[in-house]
Amino acid sequence: MLDLFPLAIVNGFLVGGVYGLTAVGLTLIFGVMGVANFAQGSFVMVGMYLAYWLFVLLGVDPYLSVVPAFFFLYLIGWFAQKYLLNKIMDAPHYDQFLCTVGIMLILQNLAVFLWPDYRQIKVSYQSLGLPITPTIRAEVVRILAFVVAVGMAVGLHFFLKLTRLGKAIRATSQNKDGAIVVGVDIQKVYVLTFAIGSACAGVAGAIISPLFPVSNDIGDLFIVTAFVIVCLGGMGNAMGALVGGMIIGMAESVGTLFIPGGQKQLITFTILIVILLFRPQGLFRFGGYWQAQRF
Amino acid sequence: MLSVENLSKRFGGLAAVSRLSLTIEAGQAVGLIGPNGAGKTTVFNLITGFLAPDEGDVRFNGRSLLGLKPHAICGQGISRTFQLVKPFLKLTILENVMIGAFHGTRDTARAEKVAREVIGLFEFRDKLHYPAASLTLPERKQLEIARTLATRPKLLLLDESMAGLNSTEVDQMIEFLRRLKQESGVTLFIIEHVMRAIMSVSDRIIVIHHGEKIAEGRPQEIVKNAEVIAAYLGQGYLAS
Amino acid sequence: MGSGKGAEQRPTGRPATSAYVAGGAVLLILLAVPMLTTNYYILHIAVQMFFFGYLGQSWNIMCGYTGQLSFGHAAFFGLGAYTSTLLLLQLGLTPWVGMLIGGVLAALLGLGIGAVSFKYGARGVFFAFITMAIGEILRLLALYWDGLTNGAEGLLIPLAEQNLAMLSITRENRFSYYYIMLGMLVGCTLIAYKIKRTRFGYYLLALRENEDAAEMIGVDVFRYKLSAGAVSAFLTALAGTFYAHYYRHFEPQDVFGIPVSFNMIFPVIIGGGDYMLGPILGSIILTFFEEGSRAIMPQTMHGFHRILYGVIIVLVIIYLPNGLMELFSRRTARGRRKAPRA
């Protein structure tokens, strides 16, 4: 059992990067707009299906599908925010949350309707492995997923730090009224933020498609995991989300060694409750991009 | 009636209230003034159970209020308004005041009766069924007082109920408070910045600065007190 | 202002006599239905409507009135189902009593969750997710604690047992379930109505609007939040027992799953939680769409009605946030979203 430990850590770490990317999107939306986007998991699912169909119909490698996945989910998020959520941004928070639940229902059941069974992508290099250390071999697909995920998160970081749009987003999250006063178009910022957050999920879906079954309920797993990570890392804390993702990935992977199947979710949920009760601001002290923690 | 002994509260390194002692007799109107940040609202929060003091005691009719939650303190007969008004926005005026009235009775019909009586004292008596959200700020302040009055308090703490009112509205409020004190016998403890209001309503004024009491006495005495002038306007204004 | 003059004479919130008459008439019709038709399908649809109306109503007692949304009410539902069924199967205890025991356990759970959450100041989204996590934890416990709950296979109530227990009401006869569920719905609505008209209800509204202000005028916010939660949990658990006997077989996913929690919330969102009949209206609409799409769509296509649910929810939240009941109500609802232009 114990000799599987190092491999489990590595695998968990790598997959955790993808969980982290999903959570980064979620925490971005929450940090800027205070919206808990319950549809994030279903966005991942859409990304997975997109990658699947491109692979099956056109032979496109899933890791190249990140580009169409990014744009497709960007579009969906853009639409959702601009025509649906923007209308209710002044309503109580649970209204926005329930609206995202509605979106999730639509997307998920569209998938149930169209593709009731589950599928799997197997790329030609699926079983290829790279030696990380002399004794551990990590699968190439995991490494690629991790690299793309972290790359995207880092790209997002620089976007937010350096570009004008990025600064507008950060300003809005720190002080909405102040941002309005200096001329930031809040509605546009919301749309941009939600679109980027959704795109993160789409990319995550594409890169993880060789590793997980492409099924219509895969979104449930991702939204729960993403939410635990966001709580762990701190709502609105993007760096925390990425690191939290890796932590959860490793915890899950190691947990599978000792506890069979679904039972390890018991631990995840208990951790979630404990964090929400005793440290809702997350484990990490560094604030990420914004200090404004909205509860 | 109310006695505060050696009350202290620190936030981190900052002493918001420092060894404050004061007493209020029944039937009086006592004003609490001081420059911004002096700790006035903190005193209210300490008395009404929203904050726990680090030291000291608050006694009401002999009984200590420490450790009691705000609703229990209301049960003792103390009620307060908030500096930033907190109306029940989606409820009607009548319903807002009824919630206060329910403090004295379980029966809905009785509570409604009491509420209507209290509302009758105010200008918005024609707007019974309008939601509180439709009221202007001065009206909301009045609503807050109405709601508090419906609990039939023995001691009423008013936190800057005149902030944001224009001159005429202030006059109306002063008149209202005077009548209130006379007719219903409620003891008033008032935080205010509008000087002429507090001068004309209060029997006694307490001045605090940096969380400490620096003066106490009748309104006319306070105005001439050197320390008070220095606290508000700075040393340079002291007539030598 | 429609609510101005006429309402002055009447005590706040009490409906006009005409509403009582109409309600009575509807009730009589409903009571007569099973006598007039033996079509089990119609009875089944009616039971569905009553069932989700009931669940919506009981969920609303905690969540609509206090503003603390729970996304894990399935925890109470499943607890009711499993408790009464296990007591029946293991000890032969009649479900009429088992139902109450399940309810009490659920109420205790509700009190526990509330006490811990509110003590640590969990609000809004945080509280919602805590409740969801609890629901999932119970589901997983039911799934993996094979010895007690028979795990993934779920529990089955054999016909014989059921005859004995439910006083020889057979499953084939939807008749009695119709009346039981109708009775539960009416009872629950009456409870909700009673709460709304008494001090309990007013205090809940107050603490929903502003907890600090409510505290200061004498509302023990903590105690009232907990009470509403306990009542809601109890009532929800009763429905769990009903479900167990209506379908006679259930698995952890059927009674503890997240969709179960959401199914309780949809009628309230769509119908409107501030209205007495809102959850019932919501339930009627949702059942209509579900059965309607099932009738139109071929057997193999699942999920279509839930797509419709999603669309309706999004539309209602955006355009009619007070729920569809607002279209039917001439009176200003307590707690309207927008103030009338003064």
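C:Gln57 counts as buried because its relative accessibility is 1%, where buried means under 20% relative accessible area with a 1.4 Å probe and protein chains only. This is a predicted model, in which local features need pLDDT of at least 70, side-chain atom pairs count only at pLDDT 80 or more, and totals for chains, interfaces and linings use all residues. Residues are numbered from 1 along each chain as its sequence is written, chains are lettered from A in the order in which they are written, and side-chain values use heavy atoms, without hydrogens and water.

Where does C:Gln57 sit? The residue is in helix α3 of chain C, residues 40-66; a helix here is a DSSP run of H or I, at least four residues, numbered from the N terminus. Leaving aside neighbours within four places in sequence, C:Gln57 is in contact with C:Cys188, C:Thr189, C:Ala192, C:Met276, C:Pro279 and C:Ile280, contact meaning heavy atoms within 4.5 Å.

Now the helix pairs. In chain C, helix α5 (residues 95-119) packs with helix α12 (residues 221-247) at an angle of about 145°, and the axes are 7 Å apart. Axes are lines fitted to C-alpha atoms over the stretch in contact, and angles run from 0 to 180 degrees between N-to-C directions.

The second pair is α15 (residues 278-296) and α16 (residues 304-319) of chain C, with axes that come within 8 Å and cross at roughly 145°. Among the residues that meet there are C:Leu286 and C:Phe289 in α15(C), and C:Leu308 and C:Ile312 in α16(C).

Notes: Helix = DSSP H or I, 4+ residues; strand = E, 2+ residues; numbered from the N terminus. Buried < 20%, exposed > 50% of the residue type's maximum accessible area, 1.4 Å probe, protein only.
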